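Thanks for making time. Please look at the display while I talk.

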Amino acid sequence: MTKKPPSRVPLRHWLFALPALLLVSVFIAVPYFTIAVMSVRTPSNTQIYAPGFTLQNYIRIVGDHLYLGLLADTLLYAAITAAICLVLAYPTALHLARTKSHLRGFLYAAVLSPLLTGVVIRCFGWIVLLATQGLVNDALRAVGVGPIPFLYRPTGVIIALVHVFLPFMILPIMNAVEAIDPRLEEAARTLGASQVTVFRRVILPLSMPGVQSGVILVFVLAASAYVIPMLIGGGRVQTMVTVIVQQLLGGFLWPFGAALALVLSLAAILVLIGFTLLTRRAMRRLA
Amino acid sequence: MSRLSIRKLTKLYSETAAVEAFDLEVAQGEFVSLLGPSGCGKTTTLRCLAGLEVPTSGIIRFGEREVTSLPPEERNIGMVFQNYALFPHMTVAENVAFGLQMRGLSRAVARAKVDAVMDMVQLGGFQDRHPRQLSGGQQQRVALARALVIEPALLLLDEPLANLDAKLRDEMRVFIRSLQQRVAITTLYVTHDQAEAMTMSDRIVVMFAGRIHQLGSPYDIYFRPTTREVAGFIGQSNLFPAEVIGRDDARLVVQTAFGRLHCAGPADIDAKIRAHILVRPEAIRLTALGNGLDGRIIQRHFLGNIVDYRVMLDDGTLVSAQAIGDAAPQVGERVSLLVDESKTWWLP
Amino acid sequence: MSLRHPLLIGFVSAVYIFLLLPTVIVVLTSINPAEYLSFPPTGFSLRWYSAFLAARQFTDAFWFSTWLGLAAAFFAALLGTPAAIFYVRYLRAGREQFRFAVLSPILLPEVLTAIALLFFFNQVFGGTRTVLPLLIGHVVITLPFVFLAVTSALYNIPPSVEEAARTLGATPSRSFFRITLPLIRSGVITGALLAFIMSFDNVNISLLLKPVGTSTLPIQLFDYLRYDFDPTSAAASTISVALTMTLLIVIDRIYGLRAVRF
């Protein structure tokens, strides 16, 4: 069949897309640009910003152990969250993708429904569970283990982060495994491969794109989380994002907050680029 | 509508011609097939007739009316698509009535016409079903009903039987053709299946790479192909080199490996030119060794009423031959091949 | 792949419990007569629901979230549906870029988008004194869901159906209104419901863009939970969960949950 080259789209058809495109360009592209601009403005204590442009915000961040430590903590929590999510999600996603049980619809809903429950509500549940008087500690006390402080500690925050973002790891991996033709596995078996080998040589490599997507997604979500550290951390666990938002809501140092946001974004992007490059090499070796 | 007239229809995509210099005149009530392999331009031509594509150049006339740049809704055509394209959110009756609604008919009048055409396609009583409740063959008949009920000037069918299984295809072929003859509607039918084209059409247009190679009756296409592509596309063929050495009344005298033969050919060939003769497998006879061109049987397929043979001649040529049902020669035997010269045809 | 291995089943079951436990706990807390949840539960009580209905801040916030969600869903559907039609039916070159642009609000970190909008509205619109910036923020963040749902519906339309309508005498606009629109209706509704849910549950955008003196339900809960523990919040939360779960079931009935693909 002769392939049709792209023909010019008549102008009147672009009107369909215009409102949405306008919305995105005016209310996404431009505002993001203003973050960059804001980050090089002079901070002020009495208004959003003072006149003039400066790099002092960035200099202050890079030179201060406090902010660098904060950055490191934030990225560390995000990485730990992604790692734990991966461990929990992979078998779950594998099972969900391949199971023929009639519960499959329910299980899919079970993965999806937390996403449609507000994050505040889910944190609420963790507060009840993880409090010193909470259910988890009650259970631990029953087996003789002393109460473990989860709330107001990174431990509790990470537990909640893992819980909230787990579906975002399950779904991409599930999609990737579903996309693997079951006949590939069957072919491998008929060629003499054991179940373990089939997993190692067929499923694992082919599921890697899903793993990659999931890790990147969860990492970004965890690094940019606000509600979870605030509620579970109770003000005692600080991340870059909680500090930034407090700057913006509580005070006037918006340029400084903007600079913090850009530094966090840049650092996260660098980490993800590194991760992508590493896994690309690992993927090639697996194949 | 009187005649459908297509003059020099050309459709270019960037630099490539999907259809080039297509000429065709179709009489009222005629059934013409556009036949050819994938990509030959037959569907593009059909879509230009429907108004779903705009030709780069050329003129299309329905009778006196020039329709070349008219949009589909103004052409008064009926079209049947390969995947039926029934409206999933409407009942069968609503589907069939759709074209009548577009033409402003009242509900009552439309309903009567719908019932009549549903009976005609033997689906009376299916009016309130939904497309998803129907089998492939039933959906195809609904699509046909929908196209016919509006009494269009032209009926266009784009490989309508391609998605049906073999037996259903055979039945539907007969069904569509008899329906078309009953209604006497001018019909253009696109297919890559030569059996369909041969059994259904008054005339066939054979296309390759955007151009018409031959326009003629099924008999002409089979026995008098004008090009080697046409000969190769329809049925099986054997081509042997031949040199024209003269004429003998209506027939050409040619020199071939089988010796001097009289073969049929176009009237305007008489010079001493090298070409080929076309010999269909049924015109080749297997005899005892020494009576013709010698070779060895390398394949034998028993098909019930006939036997297909592949014979490797001593000079290396592979020949297809056919014999009646209980023919004796087996694989590995050496035989001689004879040609029935009354069934040969000259090819460039 | 032996999916019935007890270790796998056990592990996966634990994960599902882990996923659902917190929400279940909140629901249990809301019907627990005592202030602190203990196991086994001490009884059943609806007192926290009465407290919720009596608490102006919560009920006001609930209605505000509802109206905001309806408005956001409406505008998201209004803008997202034509964009989806454009993408599937008309756009030929630059498809990846267009898709990325329309989906960017959910691809970018929400808190960053909220910050960006905060800066933008304060410098361009003169601040967030009215509800308009909040509404715009919610529309921006929910439009991609409508886009995804409607494109999915469009891809499910059998091919050639619109062409068939044209050959039967329908003008392009009649074909659009009689054939295309009815066939994508379920997709539009699904998208709108998803948009409502996402708007109703939203925290980051609401936190930074809401005018002083207003509050959405999630923000109200957030404020409460930061300083105090009160099972009235549990009642409010359960009502919120019940609402979104009901809508999820509606989506499943109309279109099937598989439509919710990110």
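How many residues of chain C are in contact with chain A, and how many of chain A take part? Before the answer, a reminder that this is a predicted model. The count is 72 residues of chain C against 67 residues of chain A. On the chain C side, the largest share comes from helix α1, residues 6–30, which supplies 14 residues. By class, the side of chain C that touches chain A holds 55 nonpolar residues, 14 polar ones and three charged ones.

Next, chain B and chain C. Here 19 residues of chain B meet 16 residues of chain C. Two elements of chain B, strand β6 (77–80) and helix α2 (92–102), each give at least two residues to the side that touches chain C. That side of chain B is made up of twelve nonpolar, four polar and three charged residues.

Now chain C on its own. Its domain assignment gives domain 1 as 1–45 and domain 2 as 56–259. Taken over C-alpha atoms, the centres of these two domains of chain C are 30 Å apart. The contact between them uses seven residues of domain 1 and six residues of domain 2. Of the domain 1 residues on the side touching domain 2, two are nonpolar, four are polar and one is charged.

To put the nonpolar counts next to each other: 55 on the chain C side that touches chain A, twelve on the chain B side that touches chain C, and two on the domain 1 side that touches domain 2 within chain C. I will stop there.

Note on methods: Residues numbered from 1 in each chain as written. Chains lettered and ligands numbered in written order. Predicted model: local features only at pLDDT ≥ 70, side-chain atom pairs only at ≥ 80, totals over all residues. Domains from an automatic or database assignment. Contact = placed C-beta atoms within 7 Å. Nonpolar A, V, L, I, M, F, W, Y, C, P; charged D, E, K, R; others polar. Helix = DSSP H or I, 4+ residues; strand = E, 2+ residues; numbered from the N terminus.
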